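Good morning, and thank you for making time. Please look at them first.

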Amino acid sequence: MSAGLASLAAVETTMATPQMVLDGIRNRARAELPSQVDAIDRDGVYPREIMASLGAEGLFSSHLHAQTRLARADLGMAIRSMAAVAAECMSTGFCTWCQDANGWYLENTANTALRERLQPGIGSGAVMAGTGMSNPMKTLSGIESFKLKATRVDGGYIVSGVLPWVSNLGQGHWFATVIEDATDPSHLIFAMVQCGQIGVEIRQNARFVALEGTGTYSVLFRRAFIADEMLLADPIGDAVKKILPGVIMLQTGMGLGVIEACIQLMRESNRTHGATNQYLPKGPGYFEDAAAGLLDDILRLAATPTETDAGFRKQVLSARLRTSEMALEAAQSALLHAGSRGYLQGSPVNRRLRESYFVAIITPSIRHLRKELAGLEAH
Amino acid sequence: MISVVVTDREGVAHLLKARPGESLMQVARAADLPVLGECNGSLACATCHVIVDPDWAARLAAISEDEEDMLDTVFSLAATSRLSCQIRLSADLDGLRVALPA
């Protein structure tokens, strides 16, 4: 057999169907996360080993054409896989989104050398990565101003500033962000940065009401050198516009997982309190139908993730907004079904409520989404 | 009440009134000045950066290592830069003057 045929045969033997990949991820998540979820959620235990083992099942690679074991890259599969993880532990689902988003930035960069260097590790889970795009997304929507500023030097940029709240970080982890040229605010630079490189320090100064184990840090840049080789786009051009629909769609995996878990909690409550719960306005059947409709819409949009026209963006933002609002409503309904049992410290309903709030406030938050949608309606 | 004067980026001086124990960040935000304080005083950002009048700088509580580290990331750093979340107002700071960075 020629070398070409041998490599083709190797590809064929490692190729998997979407259902095989999804089953592998779901089974691994169900086996490993339930015993760890409270330590991750409340005690700040970062699930590094679990992330690696889920990565080995293909959790971070479905949407990356050079890394996926599917017949073709499929953003919708990445969303469904994330939902399967978030249904067990949304903190791990959120770390998955961070990892997936970073892989997506590399997928869409013209810097092929950087993609070839970092994407295999990020796609497999051997290398961890986050996304420092909250500040850039808010700034591009007119909500904030850029927190990182750069000055040009030989071979790269010197960068200073602080990015608060970047997740899935740790020493050696990577993240991507946008930096403003200090001498020309119209010049924006999209770059990859590594935690612990000279001048880049991560610091954990705050505690959150949930998701403590998501590796969330402030990132301090003190005259850090970002080499030209680390640039995803310079100038930024349409790079962010191209990646954002995919990044925002990926976030729906977190919300869909929370909704799935809340439906399960409602069903469990109905086993003992169904006679009373039947008088609640919305039950598990309602949310099951609503979530199925939402997933259908998301998967249709995810089939063309790099479209940039206004109509497509509006549909993506609307689907993301529906996900947030449905997660909030499903978590509240899970509490109403559980009654006082759900109001106890340590109850799963308690955690799901706090997780659903996170889906609603992570950038783009509900208020941010509504602002963007109002802007699109006005044009 | 304690009086504090905050000069904004346009050079307009704002006379603010504060209760003892409040942070300058809280007082400036309550007056709708552009002092974000996104981390709410947990020393995780530098969005409440102010430049203290040199006559007042030495009268403030000593700067901590964490605050100094955070200030070290600021692009428009001045010799008397401070984070307003770390300036706890008291009677002996009555008349304090600070400016917002450009």
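I begin with chain B: for its 102 residues, a compact globule would have a radius of gyration near 13 Å, and chain B has 12 Å, which agrees. That radius is taken over C-alpha atoms, and the globule rule is 2.2 Å times the number of residues to the power 0.38.

A word on the source. This is a predicted model, in which local features need pLDDT of at least 70 and side-chain atom pairs count only at pLDDT 80 or more, while totals for chains, interfaces and linings use all residues. Residues are numbered from 1 along each chain as its sequence is written, and chains are lettered from A and ligands numbered from 1 in the order in which they are written.

To stay with chain B, there are three helices and five strands, in the order β-β-α-β-α-α-β-β from the N terminus. Helices (H or I, at least four residues) and strands (E, at least two) are DSSP runs, numbered from the N terminus. The C-alpha atoms of chain B fill a box of roughly 30 × 30 × 25 Å along the principal axes. Buried residues make up 33% of the chain; a residue is buried if 20 or more other C-beta atoms lie within 10 Å of its own, exposed if 12 or fewer, and partly exposed in between, with C-beta atoms placed from the backbone.

Chain A has 13 helices and eight strands.

Where do the two chains meet? Twelve residues of chain A are in contact with twelve of chain B, contact meaning that C-beta atoms, placed from the backbone, lie within 7 Å. On the chain A side, strand E3 (156-166) and strand E7 (217-227) are the elements that give two or more residues. That side has six nonpolar, four polar and two charged residues. Here Ala, Val, Leu, Ile, Met, Phe, Trp, Tyr, Cys and Pro count as nonpolar, Asp, Glu, Lys and Arg as charged, and the others, Gly among them, as polar.

Next, helix H4 (residues 48-56) of chain A, where A:Ile50, A:Met51, A:Leu54 and A:Gly55 are buried. They cover an arc of only 140° around the axis, which puts them on the same side of H4(A); the arc is that of the directions from the helix axis to the C-beta atoms. In general, an α-helix has 3.6 residues a turn, so residues three or four places apart point the same way. The buried residues of H4(A) pack against helices H2 (18-32), H5 (75-86), H6 (90-107) and H7 (112-124) of chain A. Just after H4(A), A:Gly58 takes a positive phi of about 100°.

Finally, A:Val193 lies in strand E5 (residues 184-194) of chain A. Is A:Val193 buried or exposed? A:Val193 is buried, with 24 other C-beta atoms within 10 Å. Beyond its neighbours within four places in sequence, A:Val193 is in contact with A:Trp174, A:Phe175, A:Thr177, A:Val200 and A:Ile226. Thank you.

Terms used: Two residues are in contact if their C-beta atoms, placed from the backbone, lie within 7 Å.
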